[in-house]
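Please examine the structure before reading on.

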Amino acid sequence: MKKNDIIELIIDDIGMDGAGIGRYDGMIFFVKDTVIGDRVTAKIMKLKKAYGYARLIEIKEASPKRVKPRCLYARSCGGCQIQQMDYQSQLEFKQKKVRGNLIRIGGFEEALIDFVMEPIVGMEEPFFYRNKAQFPVGEDAAGNIVTGFYAGRTHKIVANTDCVLGVAVNQAALEAVLGYMRDCKVSAYDESSGTGLVRHILIRYGFDSKELMVCLTVNGERLPKEGVLIERLCAIEGIKGVVQNINREKTNVILGERTKTLWGEPAIMDALYLRDTKNFQRTGEKTEYRISPQSFYQVNPIQTEKLYSLALDYAGLTGNEVVWDLYCGIGTISLFLAKAAKWVYGVEVVPQAVRDAQENAKLNGILNVTFLEGKAEEIWIDDSEELKTGAGRVADTGLPRPDVIVVDPPRKGCDARCLETMLRMQPEKIVYVSCDPATLARDLQTLCAGGYELVKVRGVDQFGQTVHVETCVLLGRK
Ligand code: SAH
């Protein structure tokens with residue numbers, strides 16, 4: 001067996017990154033774009049001792065789980081990994097992914113996980129769900145300005161303005177920007193040389209408000225003939241703001257530090273509804289949010305309502321609790337919690353997000369919440385007696401002991417010092433919302449070694465057609 005050999009395999013498993021797994025001659029092969037049950041031929045691309053990677057050549061016999069991808073570029077684009085898999089199978093894959101991580105990385109007993117895990121919450125429509133898109137801008141081989149998505153694991157742009165995960169209005173916004181760039185001879189940024197102007201087009205759309213914001217990240221202070229850009233974008237229904245972010249660094253981080261408003265508002269509004277946690281139907285109660293381009297906001301608002309409602313349900317608040325919401329962003333979860341708690345303290349590192357959070361509290365008339373700017377791992381705890389007994393007022397510099405801690409960290413999970421603080425506080429309950437089951441499993445191991453036990457675990461699919469999954473966990477003090 002050697003590189004470039006064509007082999008025939010039956011796919012009988014799937015890896016964490018969505019690649020199908022088949023066996024040939026005692027070796028395991030990962031074959032991207034295949035589905036459990038497929039019989040395929042594949043070309044060996046890389047061989048290691050016990051496993052290898054092969055590229056799908058032909059599907060000899062399609063699995064009953066296989067569907068025709070909706071997007072023409074599903075295979076080449078790095079955005080979706082499992083569009084060829086029917087949605088029910090995608091959910092099974094994600095359920096298994098969370099379970100597998102908790103057992104392998106977290107070291108939890110299989111029987112315990114099967115006892116505490118509830119079935120994943122799926123989407124009704126697993127397409128057109130994203131309220132945010134970031135399209136890189138570049139030139140194709142013929143020198144035309146294009147936008148689309150990066151091919152898997154590269155920075156080569158697959159030109160496509162019609163992504164099936166995004167909203168329809170994205171296409172109009174992208175065509176308007178591309179048209180402006182072509183007509184006004186505005187250059188695209190070139191990553192290798194660090195020259196050229198427009199780097200990314202960032203679009204945000206409020207599903208509830210129907211408001212649209214377009215942000216261009218630019219390698220420079222000024223855009224030539226910006227009036228033309230504004231005029232074309234303003235022709236699109238719902239446009240609320242056109243903003244420019246300045247990023248002159250040679251980096252693949254999308255946003256620079258400064259954003260200026262070219263036209264309209266520097267933020268959009270949106271609302272999220274509380275849902276019951278039996279059927280996940282909307283209740284009448286809604287919370288409104290103002291969202292700036294730099295602030296984090298969950299990309300799938302419909303599933304987010306389910307996720308936050310679940311987090312609130314897990315927190316089991318009675319109205320008397322002090323709650324910490326760490327990694328709180330623009331206060332989305334905090335405000336859901338505040339309606340049922342005595343006081344909520346949100347901690348967030350991005351200054352603009354903290355300002356949005358404070359605005360959002362005002363906007364919703366919520367008074368029992370304090371937002372603090374800083375790192376979750378650098379919380380200063382006020383151990384004074386009055387605060388311990390709950391009689392004191394909180395200074396802006398310290399936090400009183402929590403009854404419940406909610407955390408929702410980025411993919412890398414919680415900082416070790418943040419976990420230490422949580423354990424020192426010994427709250428009654430911890431609700432952990434995670435977008436990466438691997439770091440979740442690692443952190444849960446630490447928390448469970450420090451006196452907590454798993455009570456409930458539930459996946460919520462926020463990212464149909466991709467291998468990503470959100471998880472909500474309830475921990476109780478032993
Ligand atoms: N709970 C919010 C945000 C979750 S995303 C929501 O659901 O919308 C994670 C957030 O953590 C981001 O807003 C990010 O800016 C913030 N963050 C990242 N590192 C942090 C740290 N060390 N301390 C506090 N916040 C941090």
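Is Phe127 buried or exposed? Phe127 is buried, with a relative accessible area of 10%; buried means under 20% relative accessible area, exposed over 50%, and partly exposed in between (1.4 Å probe, protein chains only). The model is predicted, so local features need pLDDT of at least 70 and side-chain atom pairs count only at pLDDT 80 or more, while totals for chains, interfaces and linings use all residues. Residues are numbered from 1 along each chain as its sequence is written, and side-chain values use heavy atoms, with hydrogens and water left out.

**Overall form**
- The protein contains ten helices and 22 strands; helices (H or I, at least four residues) and strands (E, at least two) are DSSP runs, numbered from the N terminus.
- With a radius of gyration of 24 Å, close to the 23 Å that the globule rule gives for 478 residues, the protein is as compact as a globular protein of that length; the radius is taken over C-alpha atoms, and the rule is 2.2 Å times the number of residues to the power 0.38.
- Along the principal axes, the C-alpha atoms fill a box of roughly 70 × 60 × 40 Å.
- Of the 478 residues, 54% are buried.
- Among contacts (heavy atoms within 4.5 Å) with a separation of 6 or more, 63% join residues 24 or more positions apart.

**Aromatic residues**
- The whole structure holds nine aromatic pairs; rings of Phe, Tyr and Trp (its six-membered ring) pair if their centres lie within 6.5 Å, and planes under 30 degrees apart count as stacked, over 60 as edge-to-face and the rest as tilted.
- The rings of Phe127 and Phe128 are a tilted pair because their planes stand at 50°, with the centres 6.2 Å apart.
- Phe128 is partly exposed, at a relative accessible area of 38%.
- One aromatic cluster is formed by Phe30, Tyr51 and Tyr53.

**Loop residues**
- Ser295 lies in the loop between β15 (282-291) and α5 (301-315) and is buried, with a relative accessible area of 2%.
- Not counting residues up to four places away in sequence, Ser295 touches Arg204, Ile330, Gln352, Ala353 and Asp356.
- Asp25, in the loop between β2 (20-24) and β3 (27-31), has a positive phi of about 55° although it is not a glycine; Asp25 is exposed, with a relative accessible area of 63%.
- Lys225, in the loop between β11 (212-218) and α4 (226-234), is not a glycine either, yet has a positive phi of about 45°; Lys225 is exposed, with a relative accessible area of 55%.
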